[in-house]
Amino acid sequence: MFTFKIYQPKKIKRSLQLLLVSALLIASVNFTELISPSRSINIGSTSSPPFNALTVQDQQGSDNNLNSHVEFKPIDKRYVGISQFNAPSIPNPTIQELKFHANYHGPEKSTEHQEFQLLNNFEKWLPIADNFNAQNGLRSNDINSSIKDAGQFIDNNQQEALRYKTKSSVDKNQPDYFAFKINSSGSNSTMAISGFTDGTTAMPRTTTGNRRGRWQPVPGLKWQIQYTGTLDTSLNVDVYNIDLFDISTKVISELQSKGKHVICYFSAGSYENWRPDANAFPASVLGRKLDSWAGEKWLDIRQLDILIPIMQARMKLAVDKGCHAVDPDNVDGYSNHTGFPLSYNDQLAYNIAIANAAHSLGLAVSLKNDVEQIKDLVNHFDFAVNEKCFQYDECTMLIPFISAGKAVFGIEYNLSDSSFCPHANEMNFDFLKKKLSLDAWRKPCR
């Protein structure tokens, strides 16, 4: 639960221009997808040239045309970016081989290690190529890789996800071209290259239940949570957790321009009478008042047909504003006095429906508190946000998120930082000491 909630919503829709280019292929199918890392990166930022520069291989030797490549800039000695590729629909295909090709202007491996990975259908990132054979000096280098058993990387929606990583602070990482080729026994097909002609980037649309193309928060990210006062956008952090309704699109864009990821908070398990969509909640779903929270009531989460469309509308607002993820609160009503006979399974059904709705919009989604259900929900959520697990001696229940490579962002209000920070760091959690007002003040554990 959070205090001092002040809301001044302002919805601004952004227009994205989609470029479609088609080419008829004879014996095999080639396809490329414009990379959009500024909306799907984990760590780092990108330069301003349009991402359609990556669809044409036009750099050779010592060529260094700034308008023909995209510079990928590391932060804290690393860059991690995820892009989504849409394979063509091939009638009854038999995928025999997947070939990856990249061209980049950059250093040899000893100066900056670059690695490419594909996400398989078991949610594992597997390496497919690196810059092992790069020549000395800053010049164009080709990377080629042949991937057998390629079907494991293309899901039922004909999508695959590529992760691009670097492991140094060198700011000379300038890709010119990314592409895949499918060798298939399927019939002739048409391929589409999709991107944005004005250089604007967009959140890749994803399939439910996996991490393809959407942001995946990992342990070790620096973060801030602030819901009251003027937002301090100057912090040296990777992630901001802010209120969905209170913060404007302009501020979110400012954070993005600084390479920050934005998590947008809303309550999914309670009604708040000051929200702009308060009239959407019929009386039949309103339960007991939340203790110490004026104007807030528990929701009857069993009524999915009423509540999920309301929450979907909120998440669409998050997409319109440019949020990378959502943080739905009060998703543990079954363990509270809500006025409804909610069961453990009722809560699971509702929380999974919330996660699926977020994923269908390309948003990452947190599991807020609800620690006793983590064992059943960790595979459905992309990260955890927790309050007072050290105070309540519940932190070990959050370990499955860390084991899955997913961040645990945590807050303690009452304990001294010296009493919980060493334990949080040892568990690879990212914890803050905060005031209950959740203003700009913070004291990070690491």
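The following legends describe close-up views of a predicted model.

View 1. Between strand 16 and strand 18 (residues 296–299) the antiparallel pairing runs over three bridges, and Y271 stands opposite K297 of strand 18.

**View 2. The disulfide between C264 and C323.** This link is one of three disulfides that the structure holds. The sulfur atoms of C264 and C323 are 2.0 Å apart, and the value of -80° about the S-S bond makes the link left-handed. Because C264 lies in strand 15 (residues 261–267) and C323 in the loop between helix 2 (304–321) and strand 19 (325–329), the pair ties together parts that are 59 residues apart in sequence. C264 is buried, with a relative accessible area of 1%, and C323 is likewise counted as buried, at 0% relative accessibility.

**View 3. The disulfide between C389 and C395, with K388.** C389 is joined to C395 with an S to S distance of 1.9 Å, and the torsion about this S-S bond is about 90°, so the disulfide is right-handed. The relative accessible area is 0% for C389, which is buried, and 6% for C395, which is also buried. K388 is found in the loop between strand 21 (383–387) and helix 5 (399–403), and this residue has a positive phi of about 65° although it is not a glycine.

**View 4. The disulfide between C421 and C445.** The S to S distance in this pair is 2.0 Å, and with -70° about the S-S bond the link is left-handed. C421 lies in helix 6 and C445 in the segment after strand 24 (443–444), so the two cysteines tie together parts that are 24 residues apart in sequence. Both C421 and C445 are buried. When the bonded cysteines of the chain are numbered in sequence order, the pairing reads 1-2, 3-4, 5-6.

**View 5. N428 in the loop between helix 6 and strand 23.** The loop that holds N428 runs between helix 6 (417–426) and strand 23 (430–433). Phi of N428 is near 65°, a positive value in a residue other than glycine, and N428 is partly exposed, with a relative accessible area of 29%.

Definitions and conventions:
Residues are numbered from 1 along each chain as its sequence is written. This is a predicted model: local features need pLDDT of at least 70, side-chain atom pairs count only at pLDDT 80 or more; totals for chains, interfaces and linings use all residues. Side-chain values use heavy atoms; hydrogens and water are left out. Two strands pair if DSSP finds at least two bridges between them. Helices (H or I, at least four residues) and strands (E, at least two) are DSSP runs, numbered from the N terminus. Buried means under 20% relative accessible area, exposed over 50%, partly exposed in between (1.4 Å probe, protein chains only). A disulfide is a pair of cysteine sulfur atoms within 2.5 Å.
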